[in-house]
Structures are given as structure tokens and as C-alpha cells.
Amino acid sequence: MSAVLPVVALFLAIILAIAAAHKIAERARLTRATAGLLRLPGAVAMPVTMAAAAVEFAAALALLLPASRPIGALLAALLWAGYGAALLAARRRGDGGIDCGCDFGARKSGIGRF
């Protein structure tokens, strides 16, 4: 089991780093997605999107170091739980057709069940 943890941590760190880079590279689209998911004005959605990218990047860095892995895992879990809650709330209020920003391209079908 001890040999698996560094590999899993590296895998999650890569996913988090790519997600952070995705938010920075596609700022405009992901700001619109954040605004739609959280029902925020664009001026507020941009800093929220960039804050999420910063937390993802911080979690990725923390996962790379054995001493800070629990903090990185906690940051990632809290962030992903927040994303899940936002997606569920959007679906429940009938906003399932919006682009959630979950993919590298805009979703035509909106927020799906999974």
C-alpha cells in the first residue's frame, strides 16, 4: 500500500495542475461557466474562477510532498465537493443546459447525470 500512495498522489496532482491550467487558459469560458453555476455576475465570477485555479494548483503542489499530502488531499476533496454541490444545485434549479466548464470544449448537452 505504501508504494501506491505516491503514485495516486502524483496522478491527482497532475489532474489538479491540468485543471488549474485549463481555468487560466480558457478564462472567459470558465468565468461564464462559474457565473452560470453559481449565479454570479461576471465581475465576481472571474476572481472566483481564478481562486479555484489557485486552490487546485496549491493542492497539486501539496500532494507532491509527503509531509503536505494530507493538506493537499483535503484541499482537493473540499474543492471537488464544492464543484459537485454547485453542479447538483444547478441541475436541481433547472440550469442543467448550461456549460459546466468540466471539459476542454463547451458541452452541447449541458450538465449530465454523471
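The secondary structure of the protein comes to four helices and zero strands, where helices (H or I, at least four residues) and strands (E, at least two) are DSSP runs numbered from the N terminus. Along the sequence the pattern reads α-α-α-α. This is a predicted model, in which local features need pLDDT of at least 70, side-chain atom pairs count only at pLDDT 80 or more, and totals for chains, interfaces and linings use all residues. Residues are numbered from 1 along each chain as its sequence is written, and side-chain values use heavy atoms, with hydrogens and water left out.

Of the 114 residues of the protein, 31% count as buried. Buried means under 20% relative accessible area, exposed means over 50%, and partly exposed lies in between (1.4 Å probe, protein chains only). Contact means heavy atoms within 4.5 Å. Among contacts between residues at least 6 apart in sequence, 57% join residues at least 24 apart.

The expected span of a helix is 1.5 Å times one less than its number of residues. The table sets the two helices side by side.

| Helix | Number of residues | Span between end C-alpha atoms | Expected span |
|---|---|---|---|
| Helix 1 | 22 residues | 32 Å | 32 Å |

In helix 1, the buried residues are Ala9, Ala13, Leu16, Ala20, His22 and Lys23. Their cover includes helix 2, helix 3 and helix 4 (69-92). In helix 2, Arg29, Leu30, Thr31, Ala33, Thr34, Ala35 and Leu37 are buried, and what covers them includes helix 1, helix 3 and helix 4.

**The nonpolar core**

A nonpolar core is a set of buried Ala, Val, Leu, Ile, Met, Phe, Trp, Tyr and Cys residues joined through side-chain atoms within 4.5 Å. The largest one here has seven residues: Ala9, Ala13, Leu16, Ala59, Ala60, Leu63 and Ala76. Helix 1 (4-25) and helix 3 are the elements that give two or more residues to this core. Ala9 is in contact with Leu63 and Arg69, leaving aside its neighbours within four places in sequence. In soluble globular proteins, nonpolar side chains tend to be buried together.

**Helix 2 against helix 3**

The axes of helix 2 (residues 27-38) and helix 3 (residues 42-64) come within 8 Å and cross at roughly 110°. Helix 2 is therefore roughly perpendicular to helix 3. Axes are lines fitted to C-alpha atoms, for helices over the stretch in contact, and angles run from 0 to 180 degrees between N-to-C directions. Angles under 35 degrees count as roughly parallel, over 145 as roughly antiparallel, 65 to 115 as roughly perpendicular and the rest as oblique.

On the helix 2 side, the contact is made by Arg27, Leu30, Thr31, Thr34, Ala35 and Leu38, and on the helix 3 side by Gly42, Ala45, Met46, Val48, Thr49 and Met50. By class, this contact has seven nonpolar, four polar and one charged residues.

Thr49 lies in helix 3 and counts as buried because its relative accessibility is 2%. Not counting residues up to four places away in sequence, Thr49 touches Lys23, Leu30, Thr31 and Thr34.

**The loop residue Arg39**

Arg39 is placed in the loop between helix 2 and helix 3, just after helix 2. Its relative accessibility is 54%, so Arg39 counts as exposed. Phi of Arg39 is near 55°, a positive value in a residue other than glycine. Most residues other than glycine have a negative phi.

Conventions. Nonpolar A, V, L, I, M, F, W, Y, C, P; charged D, E, K, R; others polar.
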